[in-house]
Amino acid sequence: MKFRGKIIDIACLNHFSRVVTTIAKLTKTCVLRLTPDNLFFVLSGKVANGGVSMWCELSQGNFFDEYQMEGVSSEDNEICLELSPENLSRALKTVQNAKSVKVKLTKKHCPCVTVSAELPTLSSVSRVVTHDVPVEVIPRRLWHELKEPSVPDFHVSIYLPPLKTMKNVVDRMKNLSNFLVVEANLNGEMNLKIETDLVSVTTHFKDLGNPPWGGGSEGGADPEGMAEARVDIRRLQQFLMGQQVTPTKAMCNIVHQRILHLVVLHDDASLQYFIPAVA
Amino acid sequence: MQCVVTGGNVKVLAKAIHSLSRIGDELYVEPQQDGLALRSVNSSRSAYACFLFAPLFFSRYSLPNGHDFRCKMAIKSVQSVFRSLATLEKTVEKCHIELDEQKNRLTFTLHCKHGLLKTHNLSYQDSESLQAVFDKEGCGNVFRAQPRLLVDTVVHFPPSLEEVSTVCFLLSERSKAMVTELCLASDEFDHFAVHAHNSVTFCLKELRGLLVFAESTGLPISMYFDEPGSPVVLSVTDSVLEGNFVLATLSHDDHSFQKNNTKGFFKASGNLLPGSRKPNWGPDPKVENPCSST
């Protein structure tokens, strides 16, 4: 198993850092899946995560100037590593002004992803910094858990309001309740609702627009009909907190009373986050 | 005892106190002939710091009549006198420190703008003299750097990380085993005399206190170190003050300092200079526990 990558472009390095930082805000550990063309950050939905799952896809060509990998075998030309995205994020943050950054799979006291860079200094010699991020290699027999999640048969698909606005609303609502209902219809309307014994608060969004693939597992569904999912408000807040830049597109798909599927698309990366609904 | 600190020196004094608070919970105050000594030590006695303010630092400096005086007080109380550094700079014209031995207290009076006087009466306890035994000149290795260099280096290491090594900064967290290594070339330092390929490991947390002080005052930091197990001494000096931070280092056999604090290691390694000689050890350079009460 081998992996070596090099990032030279400062904008690419910046984007990559930001993606990793976003992932770090969503989960403490995840799997980094490396294929010849792509990198994926994967969190498979398990009871331990509260059932949330995440799939982040990056095309390696958008970030790396050099990228070489050799997977576990020629038929299974992939590498799957479990790591703490926070460690990787920290390592990348410190090398933002480097001339180039190398990322490679190494074996130190344990298998590691080593981030190394030369930092500019006033003297003749550059400062060399290396960060060894420990990883755990995921064996092939567990790879079936890391497949791209299939897009569920959703009832409604709708574009999200500006994420910053949504975050402000959710932040305030978190003070009042642990659960929040996200409901939306095919008419571009979305409501965020909380309800407790003492108070109920609803924030209405209109004219959000629905993606062309519309929605509705049944044909001819009533456009005004709301699909809803009641979710743990902290999960939604975590997701919103992690978004650092305005995405190209942000939308969600709702499977009525089952799943809230959030999708964020950037020029060079896409992120999907699945939050299960609770009763 | 009467000490009066004026103008910009009030902020320097405040910063020194904040710096000492990163080491221990108590501030040891000892007015001496050669100046006012403020010291602190951590609970496990593996870190010690001392700031000596020469009489010239003060606009007025007088010792207690006829006898040696020393005391210790809760450092948090003293910090509360100098709480907001930004405010200090803007409003405090003078700080008057006065000893009242009958009531066992030190009175800190801040003379601020517009005739405002803020008086803090802080109680103290009698104490033994706190003095670390260390020998800077006897150390085999020394380097001196602008504080910015060390601050830039330490920033690579997360705030929770505990231990640090120099020259080749190697950091590892025991629990998560993330290791960070940063190498600085010798020409980045103002002065670099490292005689042996050495590696010393000491606590990062205590170093940060000194870095904050040095950076704000712009004073270069000198570091003296020897073999693993010998304490490492970090110093800042100018004409009116001298600060020394003495930190214990891991000896070859140690795997951890104390149960709680070991989350990271900072390993110092130096490279052999051409034409170097074995260091002159001097009378008693190897002091494992840097602090002893005299």
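**Figure 1. A:Phe16 and A:Phe63 are both buried.** The model shown here and in the other views is predicted. The two ring centres of A:Phe16 and A:Phe63 lie 5.7 Å apart. Their planes meet at 55°, so the pair is tilted. A:Phe16 belongs to helix α1 (residues 10-26) of chain A. A:Phe63 sits in the loop between β4 (53-59) and β5 (66-70) of chain A. The pair links distant parts of the chain, 47 residues apart.

**Figure 2. A:Phe239 and A:Tyr273 form a stacked pair.** Their ring centres are 5.6 Å apart. The planes stand at 15°, under the 30 degrees that counts as stacked. A:Phe239 lies in helix α4 (residues 233-242) of chain A, and A:Tyr273 in strand β18 (residues 269-276) of chain A, so the pair ties together parts that are 34 residues apart in sequence. Both A:Phe239 and A:Tyr273 are buried.

**Figure 3. Ring pairs build a cluster in chain B.** Its members are B:Phe51, B:Phe53, B:Phe57, B:Phe58, B:Tyr61, B:Phe213 and B:Phe245. Over all chains, a search of the whole structure finds 15 aromatic pairs.

**Figure 4. A charge sits over a ring at A:Phe40.** The charged end belongs to A:Arg33. It is 5.1 Å from the centre of the A:Phe40 ring.

**Figure 5. Nine strands of chain A form an open sheet.** The order is β10-β6-β2-β3-β4-β18-β17-β16-β11, and the pairing is antiparallel. The edge strands are β10 (136-137) and β11 (156-159) of chain A. Each edge strand pairs on one side only. In chain A, β10 and strand β6 (residues 79-83) are joined by two bridges in the antiparallel sense. Here A:Leu81 stands opposite A:Val137 in β10(A).

**Figure 6. Helix α2 (residues 85-93) of chain A is largely enclosed by the rest of the structure.** The reason is burial: seven of its nine residues are buried. They are A:Pro85, A:Asn87, A:Leu88, A:Ser89, A:Arg90, A:Ala91 and A:Leu92.

**Figure 7. A:Thr22 is a buried residue of helix α1 of chain A.** Its relative accessibility is 9%, so A:Thr22 falls under the 20% limit for buried. A polar atom of the A:Thr22 side chain lies 2.9 Å from the backbone oxygen of A:Arg18. Leaving aside residues up to four places away in sequence, A:Thr22 touches A:Gly242, A:Gln243, A:Gln244 and A:Leu271.

How values were computed:
Residues are numbered from 1 along each chain as its sequence is written. Chains are lettered from A and ligands numbered from 1 in the order in which they are written. This is a predicted model: local features need pLDDT of at least 70, side-chain atom pairs count only at pLDDT 80 or more; totals for chains, interfaces and linings use all residues. Side-chain values use heavy atoms; hydrogens and water are left out. Rings of Phe, Tyr and Trp (its six-membered ring) pair if their centres lie within 6.5 Å; planes under 30 degrees apart count as stacked, over 60 as edge-to-face and the rest as tilted. Helices (H or I, at least four residues) and strands (E, at least two) are DSSP runs, numbered from the N terminus. Buried means under 20% relative accessible area, exposed over 50%, partly exposed in between (1.4 Å probe, protein chains only). A charge sits over a ring if NZ of Lys or CZ of Arg is within 6 Å of the ring centre and within 35 degrees of the ring normal. Two strands pair if DSSP finds at least two bridges between them. A polar contact is a pair of N or O atoms within 3.5 Å; within protein, one must be able to donate a hydrogen and the other to accept it, and residues adjacent in sequence count only if both atoms are side-chain atoms. Contact means heavy atoms within 4.5 Å.
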